[in-house]
Amino acid sequence: MRHLHWFQTDLRLTDNPAIASHSAADSLLCVFLMPKPRPWCNLNGLGPQRDRFLRESLQELRESLQAVGQDLMVLEGSPELVLPDLVARFGITEISTSFTPGFYERQALEYLQQKLSIPIEVHRGNSLFSRSELPFELSDMPKVFSPFRKQVEKLVIKTPNSNLSHLPPPPAGQFDAIPVAGTAPNPALPLPGGRQAGLRRARQFIFDQESITTYKQTRNCLDGLDGSSTFSPWLANGNLSVREVAHDIFRFERERVTNESTYWLYFELLWREFFYWRSVVDDKRLFLSGGVARKVRGCTFEPRAFARWCAGDTEFPLVNALMRQLTATGWMSNRGRQIAASCLISEMGIDWRFGAAFFEKHLIDYDVGSNYGNWQYIAGVGCDPRGGRHFHIKKQTEQHDPQGVFTTKWGGHRPSQPPYITDAADWPLDHR
Ligand SMILES: Cc1cc2nc3c(=O)[nH]c(=O)nc-3n(C[C@H](O)[C@H](O)[C@H](O)COP(=O)(O)OP(=O)(O)OC[C@H]3O[C@@H](n4cnc5c(N)ncnc54)[C@H](O)[C@@H]3O)c2cc1C
């Protein structure tokens, strides 16, 4: 039995049921395919910080695999092309992978299931609940968050599986080194890739500094590490299992303190879970301008305005600082994302998908459900019962950066720009 595990958003050996399922195999080929987002919305490729976080994570995963007699093969190319080739080359008899939501991900899996005549086992992905544990069929999943939360909040979250001590050996042959990242973590907000950094951050935020006890008051801080948990990059890449994080919260509550803030961190994990499963149900509609609501929104694409938003060169200093923080570090706070998204949608009138695509390129915590779901929410074409959110930038600045410390730190004050010019070529976009 020659098996292959295809790593996607599960870059860990602990609480990874897919990788644990190969104990009886004669050999195991561990493979990761570098993501190559399809060009759309005038963008392609990964931003330098997203690329860096991923490569650091892969390097550390490879070392963890080597410690249990394994290795990691990292390749470029689409799963539809690369995996059949590997199956033929190594005589693979079974494939496993962890469930990873997304329209293209589903298409790739369906193609492989049709094309290959070997079993492809899809195990639980990085979610709190497996599909069969949800108290409803996915087709009946609530469209908005509150009824979803009420139904799942009291479910028991299973204990994460423990670490692996042994895996079958890789097939014979030399595996190429993983090319190192061309950039380093930004010292102003250092978020290194890899499981060890994620575990350190979880220990620091929950147990050492007990920042979790004031999370509800501090979560809207604009700089990471100061207020919110900043767990998202390690959750999105699967360095940390979300069940591990939930169990850390519960242990803290049992052993030390339970309050509104400790509950709120779990509440936010439920938001993540909501968008995770919604993205499975919503599938292709996650990428439509009219969204899951199929609403017609008046919007345009003005390339100069979009370029200014991306570069952090708008007439809004706070938005400029946020966008500069994003490209310099690969991260932005939740409140920052809401303000920057609202600016693109409501102040500039640009199709929300251009903003979402820019976030996809740069965020080290990029996650299809959380990114596109939140963008739709703010644009009013998704799961917001209030029909979209408009954040007033002046008020937000007074509330979240009253002294301008954040705006100055990230260079948000820019020379003023010539006014926008909308001409005859600036047609509204198609809504399908
Ligand atoms: C326009 C927009 C785009 C976004 N894109 C992404 C994305 O690509 N990937 C991503 O992980 N999150 C995304 N979010 C959600 C949220 O902004 C980030 O999860 C959060 O800022 C990460 O910081 P943190 O870990 O310190 O969060 P904390 O406040 O400490 O929350 C803890 C965890 O809960 C989850 N969480 C918190 N808020 C949300 C939320 N609104 N939606 C879903 N999960 C949440 C995350 O896993 C987070 O790590 C987006 C939000 C907006 C408004």
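This is a predicted model: local features need pLDDT of at least 70, side-chain atom pairs count only at pLDDT 80 or more; totals for chains, interfaces and linings use all residues.

Me: How do you know that domain 2 and domain 3 touch, and how far apart are their C-alpha centres?

Reply: A contact requires C-beta atoms within 7 Å. By that rule 14 residues of domain 2 are in contact with 17 residues of domain 3. Helix H8 (232-236) and helix H10 (260-282) each give two or more residues to the side of domain 2 that touches domain 3. H10 gives the most to that side, with five residues. The residues on that side of domain 2 divide into six nonpolar, five polar and three charged.

Me: Why is the ligand said to lie between two domains?

Reply: Domain 2 and domain 3 both give residues to the shell around the ligand, so the ligand lies between them.

Me: What makes up that shell around the ligand?

Reply: The shell has 30 residues, and the closest are Ser228, Ser229, Glu268, Asn371 and Asn374. Two or more residues each come from H8, H10, helix H13 (334-347) and helix H15 (368-379). H10 gives the most to the shell, with six residues. By type, the shell divides into 13 nonpolar, 11 polar and six charged residues.

Me: Which residues touch the most other members of the largest nonpolar core?

Reply: They are Val319, Leu322, Ala340, Cys343 and Leu344, in a core of 93 residues. The largest share of this core, seven residues, comes from H10. As for Leu344, residues beyond four places away in sequence that it touches are Trp309, Ile350, Trp352 and Gly355.

Me: How do you know that the length of helix H12 agrees with its number of residues?

Reply: H12 (residues 317-329) has 13 residues, which at 1.5 Å a residue should span 18 Å. The end C-alpha atoms of H12 are 18 Å apart, so the two values agree.

Me: What makes H12 mostly covered?

Reply: In H12, 10 of the 13 residues are buried. Among them are Pro317, Leu318, Val319, Asn320 and Ala321. The elements that cover the buried residues of H12 include helix H2 (48-67), helix H11 (303-311), H13, helix H14 (352-362), helix H16 (393-400) and helix H17 (405-409). Just after H12, glycine 330 takes a positive phi of about 85°.

Me: Why is H13 called largely enclosed, and how does its reach compare with the expected value?

Reply: Of the 14 residues of H13, 10 are buried, so H13 is largely enclosed by the rest of the structure. Its buried residues include Gly336, Arg337, Ile339 and Ala340. They pack against H11, H12, H14, H15 and H16. From its first C-alpha to its last H13 reaches 19 Å, close to the 20 Å expected at 1.5 Å a residue. Just after H13, glycine 349 takes a positive phi of about 70°.

Me: Why does cysteine 310 count as buried?

Reply: The cut-off for buried is 20 or more other C-beta atoms within 10 Å. Cysteine 310 has 20 C-beta neighbours inside 10 Å, so it counts as buried. Cysteine 310 is found in helix H11. Leaving aside neighbours within four places in sequence, cysteine 310 is in contact with Met323 and Phe358. Cysteine 310 and alanine 340 are 30 residues apart in sequence and 9.9 Å apart in space, C-alpha to C-alpha.

Me: What is the phi of aspartate 15, and what is the phi of glutamate 210?

Reply: Most residues other than glycine have a negative phi. Aspartate 15 has a positive value, near 45°. Glutamate 210 is not a glycine either, and its phi is positive at about 55°.

Definitions and conventions:
Residues are numbered from 1 along each chain as its sequence is written. Two residues are in contact if their C-beta atoms, placed from the backbone, lie within 7 Å. Helices (H or I, at least four residues) and strands (E, at least two) are DSSP runs, numbered from the N terminus. Ala, Val, Leu, Ile, Met, Phe, Trp, Tyr, Cys and Pro count as nonpolar, Asp, Glu, Lys and Arg as charged, and the others, Gly among them, as polar. A residue is near a molecule or strand if its C-beta atom, placed from the backbone, lies within 6 Å of it. Domain bounds come from an automatic or database domain assignment. A nonpolar core is a set of buried Ala, Val, Leu, Ile, Met, Phe, Trp, Tyr and Cys residues joined through C-beta atoms within 7 Å. A residue is buried if 20 or more other C-beta atoms lie within 10 Å of its own, exposed if 12 or fewer, and partly exposed in between; C-beta atoms are placed from the backbone. The expected span of a helix is 1.5 Å times one less than its number of residues.
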